[in-house]
Amino acid sequence: SSDARASLTLRKAHATTTLDLSGTRQVLQYASAPSDLNGCFCNVLNRETRLEVSLRNAVQTGRTQLVYGLDLARGLARIDSGNGAPQVHAFAQTAVYGQDDVALGTATAYAGLRAERDGAQGGALAPSAGFALPLDDGLRLRANAATGFRAPNAVDLYYPGFSNSNLHPERTVSTDLTLEDARVLGGLSLGYFTLAGNDLIAVNPNFDFTKPSGPNNLAIVNVQRASIAGLTLSVRTVARRGITVGLGLTDLYRALDLTSVARRLPQRPVFSTNLTLEYAATNPRATLAALGAIANAMGARGTVPQNGPLDPYLVAAPFASVDGYVRLRVARQALLTLRARNLGNERYAAVAGYPTPGRAFVLELSTR
């Protein structure tokens with residue numbers, strides 16, 4: 001993948017205007033030898049290019065901050081399955097938004113609205129609101145409520161054998177409540193969240209891999225009614241010589257498909273964890289600016305009916321992966337970052353049917 005970004009900022013006494021320009025190109029190839037019984041049984045090449053423009057203005061007046069802006073994105077997705085002419089599909093996104101934050105004594109409250117249109121996939125008005133309330137020295141309560149809209153992407157719609165061109169966009173309502181305590185180690189937070197949605201995009205647990213994909217056998221479907229709820233725990237140590245350790249836990253105790261008879265949504269693990277070990281230089285001129293390792297573990301997510309090949313990518317088995325990064329200061333205003341993904345070169349799929357690439361390295365150069 002390649003990614004180029006530029007940002008222009010104009011600061012005035014009470015306002016900051018930012019223009020972001022970005023261009024990305026991503027190439028993914030899934031292939032395996034016919035003799036590999038654990039392969040993906042495919043030879044597919046996906047290319048996606050995207051151009052984005054974002055204009056944002058933040059205005060501070062007394063105890064109020066107003067943020068509003070515009071997002072535009074255009075792109076092309078090309079999928080070459082090796083069976084005939086490649087499919088090329090254009091996509092577009094247009095959105096305008098505004099949010100007003102108001103200080104009420106020691107508390108803050110906000111309300112916002114986003115209007116989005118994703119080409120032929122439709123659009124939505126998405127309001128949101130929330131507050132942050134200090135309860136004691138270092139203790140704070142945060143609450144948010146919002147509606148969401150997500151259009152299916154090119155892989156959901158056009159990936160050969162594992163797509164559904166008739167998918168509808170997801171429309172959801174979410175809430176979350178978080179209690180934060182800055183006095184415990186380097187910070188502790190406990191959270192509760194819910195999500196209720198229509199047309200949730202999910203893997204079809206009844207998909208038959210031995211038959212061709214078609215109207216009566218689709219790998220990806222819309223869940224007409226879904227209900228999700230969970231608990232989160234996050235804690236970090238106090239930085240010692242720039243070193244911190246963080247732990248995050250998520251208990252997704254409810255993830256139900258309520259379309260007919262209630263059953264658990266596929267690909268939704270009950271437990272997931274992440275552990276981070278990071279170093280950030282205390283000297284702003286140090287050559288080694290930062291480094292870190294992030295380990296992620298995901299529990300069992302149910303299984304696909306065994307009516308096809310015993311491919312671990314098609315079974316939602318538990319997995320763990322480790323990523324890392326090193327950030328070097330190569331000039332006063334320039335950073336070079338090397339990221340390593342899937343250091344153990346593990347074979348797994350966060351979503352059944354879509355295997356994650358093996359060990360990969362990404363080099364980034366940033367400046368200002």
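Biologist: In which strand is T194 found?

Modeller: The model is predicted. In it, T194 belongs to a strand, and that strand spans residues 188–198. The strand in question is β10.

Biologist: Does T194 count as buried or exposed?

Modeller: The cut-off for a buried residue is under 20% relative accessible area. T194 has a relative accessibility of 18%, so this residue counts as buried.

Biologist: Which side chain is joined to that of T194 by a polar contact?

Modeller: Leaving aside neighbours within four places in sequence, T194 is in contact with V173, S174, T175, I228 and A229. One of these residues also has a side chain in polar contact with that of T194, at 2.5 Å. That partner is T175.

Biologist: Where does G187 lie, and is this residue buried or exposed?

Modeller: G187 is in the loop between β9 (170–181) and β10 (188–198). Its contacts beyond four places in sequence are D181, A182, S234, V235 and R236. Because its relative accessibility is 19%, G187 counts as buried.

Biologist: How far apart in space are G187 and V238?

Modeller: In sequence, G187 and V238 are separated by 51 residues. From C-alpha to C-alpha, their distance in space is 7.9 Å.

Biologist: How many residues make up the largest nonpolar core?

Modeller: In soluble globular proteins, nonpolar side chains tend to be buried together. Here the largest nonpolar core includes V44, I79, L157, F162 and I220. A second, separate core has eight residues, among them V223, A226, L252 and L265. For the largest core, the count is 11 residues.

Notes:
Residues numbered from 1 in each chain as written. Predicted model: local features only at pLDDT ≥ 70, side-chain atom pairs only at ≥ 80, totals over all residues. Heavy atoms only, no water. Helix = DSSP H or I, 4+ residues; strand = E, 2+ residues; numbered from the N terminus. Buried < 20%, exposed > 50% of the residue type's maximum accessible area, 1.4 Å probe, protein only. Contact = heavy atoms within 4.5 Å. Core = buried A, V, L, I, M, F, W, Y, C linked by side-chain atoms within 4.5 Å. Polar contact = N/O pair within 3.5 Å; in protein donor to acceptor, adjacent residues only side chain to side chain.
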